[in-house]
Amino acid sequence: MSAPESAGAPRSAGTAGLDGERADLLQTLDKHRGFLRYTVRDLTDEQAARRTTASELCLGGLIKHVAGTEAGWMRFVVGGADAMVSDPGDWEAQFRMAEGETLAGLLAGYEQVAAATDALVAGLPDLDLAHPLPAAPWFEPGAVWSARRVLLHIIAETAQHAGHADIIRESLDGARTMG
């Protein structure tokens, strides 16, 4: 079951003119982006910032986190592990809405990240372009990921967080993305 056309439908502009594997990957990613966007439909900023479960997650924070994660992985695709590094700062802040942030602003930022990802993937000479992963306890030492593998990871990350968002939204006001 998919999200209604009016609120969370895939943008598909990023796949215009593409066929085959790239179109399939980007359409799948955009479908899960759409589920995540649909989950926050009709919310106020206060509702988007509210924690409704035992976790620290809120809906606005999930939008912010997924956008930042996608942007970071796209930097990796272009420039490898060094390009992915960012200021660690307050790790938990990426999962919360900060003072002055709005849901509309977070969604606009996410849309910009999505458009940049779609353009980058469309223009890559080869999805086999690969770089060694950054050194981290959660990555196998010496592992190398291709642009294709990164896209699969972003799809999985987006789908997982869309599921988290659905639980948070249902706890907030009973609304659900699917079912």
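The model is predicted, so local features need pLDDT of at least 70 and side-chain atom pairs count only at pLDDT 80 or more, while totals for chains, interfaces and linings use all residues. Residues are numbered from 1 along each chain as its sequence is written, and side-chain values use heavy atoms, with hydrogens and water left out.

**Confidence**
- The chain has a mean pLDDT of 89, where pLDDT is the predictor's confidence in each residue, from 0 to 100.
- A pLDDT of 70 or more is reached by 87% of the residues.
- Residues 1-11 have pLDDT below 50, and this stretch has 26 contacts in the model beyond near neighbours in sequence; a contact means heavy atoms within 4.5 Å.
- Where pLDDT is low, predicted coordinates should not be read in detail.

**Fold and surface**
- The chain holds seven helices and two strands, in the order α-α-α-α-α-α-β-β-α along the sequence.
- These elements are DSSP runs numbered from the N terminus: helices are H or I with at least four residues, strands are E with at least two.
- Helix H7 (residues 147-173) has 27 residues and should span 39 Å at 1.5 Å a residue; its end C-alpha atoms are 38 Å apart, which agrees. The expected span is 1.5 Å times one less than the number of residues.
- Gly 174 follows H7 and has a positive phi, near 85°.
- Of the 179 residues, 43% count as buried (buried is under 20% relative accessible area, exposed over 50%, partly exposed in between, with a 1.4 Å probe and protein chains only).

**Aromatic rings**
- There are five aromatic pairs. Rings of Phe, Tyr and Trp (its six-membered ring) pair if their centres lie within 6.5 Å; planes under 30 degrees apart are stacked, over 60 edge-to-face, and the rest tilted.
- Trp 73 and Phe 76 are edge-to-face, because their ring centres are 5.3 Å apart and their planes lie at 75°.
- Both residues lie in helix H4 (residues 59-79), three residues apart, about one turn, and both are buried.
- Trp 138 and Phe 139 also form an edge-to-face pair, at 6.3 Å between centres and 65° between planes.
- Trp 138 is exposed at 66% relative accessibility, whereas Phe 139 is buried at 15%.
- Trp 73, Phe 76, Trp 138, Phe 139 and Trp 145 form one aromatic cluster.

**Charges over rings**
- The charged end of Arg 149 sits over the ring of Trp 145, 4.1 Å from its centre.
- Arg 41 lies over the face of Tyr 38, 3.9 Å from the ring centre.
- The rule requires NZ of Lys or CZ of Arg within 6 Å of the ring centre and within 35 degrees of the ring normal.
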